[in-house]
Amino acid sequence: MDTKTVYRISKVGYCSRVLGAIRLGHDPSPLTREDEERLEYYTWCEDLAARKLAKVGYDIDDGGICFKCKDKRHGIHVEIDSAIFAMVGHLDRVLTYNGLGLPVEIKSLGRFSYDRFERRGFDALPEYAGQEACYLEAWGTPGIYWIMNRDTGDTMGLVVNDTKNGINIADFPHVTLPVTFHDVESKINSVEICVANGELPLGDFKTGSDSCRWCDFSYLCSRKEEEPAEIDV
């Protein structure tokens with residue numbers, strides 16, 4: 001793994017254009033002080049969401065500080081070693097269900113994103129689908145997805161990719177991710193080919209997705225290149 005490019009699993013679901021921009025050393029749009037404070041608040045909200053999850057009634061492990069990473073990251077360390085790159089990430093929690101440890105991903109969303117996710121699932125936030133596909137590949141089991149509306153405190157729990165229907169938690173519907181790990185792996189292989197040629201990949205998210213609205217590399221978006229020029233009349 002030391003000789004390969006290492007991708008953070010938290011980022012592998014990003015648009016190909018963004019992954020290529022990161023690999024080629026482009027800088028994201030700078031964060032304002034208000035942005036940094038907002039992100040810190042969102043992190044606090046995820047901690048609150050985890051406390052609400054604990055009330056569901058299952059043993060939950062947060063992993064503490066990672067024993068492998070040197071930057072004091074929290075969570076359960078996981079790795080995937082692919083042919084030309086590697087992935088490293090940290091599960092938010094592990095929930096024990098009938099003796100089986102299930103990976104837990106926790107998100108706190110604003111009320112509009114929460115509503116869109118409730119209606120459209122992972123299609124509303126495709127970067128989350130790619131991330132989750134890799135966590136499930138690394139852990140080798142279905143997963144638990146826990147989302148909190150940070151404006152109202154409402155929560156939503158999902159069982160992800162339980163193909164054998166062996167996990168039954170009250171009020172947790174079963175969902176299947178719209179992408180597989182191999183989809184993500186193929187995407188990153190394509191990104192690496194573009195990067196080797198010094199090129200940015202084209203964007204691959206549907207225009208108008210929530211992920212596009214908050215993109216830190218919107219100034220490099222290939223969608224802008226596709227928009228027709230306005231003509232003054």
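How many aromatic pairs does the structure hold? In this predicted model, there are seven aromatic pairs. One of them joins Y7 and F85, whose ring centres lie 5.7 Å apart with the planes at 75°; because an angle over 60 degrees counts as edge-to-face, the pair is assigned to that class.

A second pair is formed by Y41 and Y42, with 6.2 Å from centre to centre and 55° between the planes, an arrangement that is tilted. Y41 has a relative accessibility of 39% and therefore counts as partly exposed. Y42, at 24% relative accessibility, likewise counts as partly exposed. The ring of Y42 also has a charged group over it: the charged end of R150 sits 3.6 Å from the ring centre. A further arrangement of this kind involves K107 and Y128, where the charged end of K107 sits over the ring of Y128 at 4.3 Å from its centre. Elsewhere, ring pairs link F117, F122 and Y145 into a cluster.

The account now turns to the strands. Strands of a sheet pair through backbone hydrogen bonds, in either a parallel or an antiparallel manner. Here, six strands form an open sheet with mixed pairing, in the order β2-β5-β6-β7-β8-β9. Its edges are taken by β2 (60–61) and β9 (174–175); each has a single partner strand, so one side of each is left without a neighbour in the sheet. Within the sheet, strand β5 (residues 93–97) and strand β6 (residues 100–109) run antiparallel and are joined by five bridges. In this pairing, L95 stands opposite L102 in β6.

Which strands does helix α3 lie across? Helix α3, comprising residues 111–120, lies across β6, β7 (143–149) and β8 (155–160), and it runs at about 140° to β7. Helix α4, comprising residues 126–139, lies across β5, β6, β7 and β8, with a direction at about 165° to β6.

Y128 falls within the range of helix α4, while K107, whose charged end sits over the ring of Y128, falls within the range of strand β6.

Definitions and conventions
Residues are numbered from 1 along each chain as its sequence is written. This is a predicted model: local features need pLDDT of at least 70, side-chain atom pairs count only at pLDDT 80 or more; totals for chains, interfaces and linings use all residues. Side-chain values use heavy atoms; hydrogens and water are left out. Rings of Phe, Tyr and Trp (its six-membered ring) pair if their centres lie within 6.5 Å; planes under 30 degrees apart count as stacked, over 60 as edge-to-face and the rest as tilted. Buried means under 20% relative accessible area, exposed over 50%, partly exposed in between (1.4 Å probe, protein chains only). A charge sits over a ring if NZ of Lys or CZ of Arg is within 6 Å of the ring centre and within 35 degrees of the ring normal. Two strands pair if DSSP finds at least two bridges between them. Helices (H or I, at least four residues) and strands (E, at least two) are DSSP runs, numbered from the N terminus. Contact means heavy atoms within 4.5 Å. Axes are lines fitted to C-alpha atoms, for helices over the stretch in contact, and angles run from 0 to 180 degrees between N-to-C directions.
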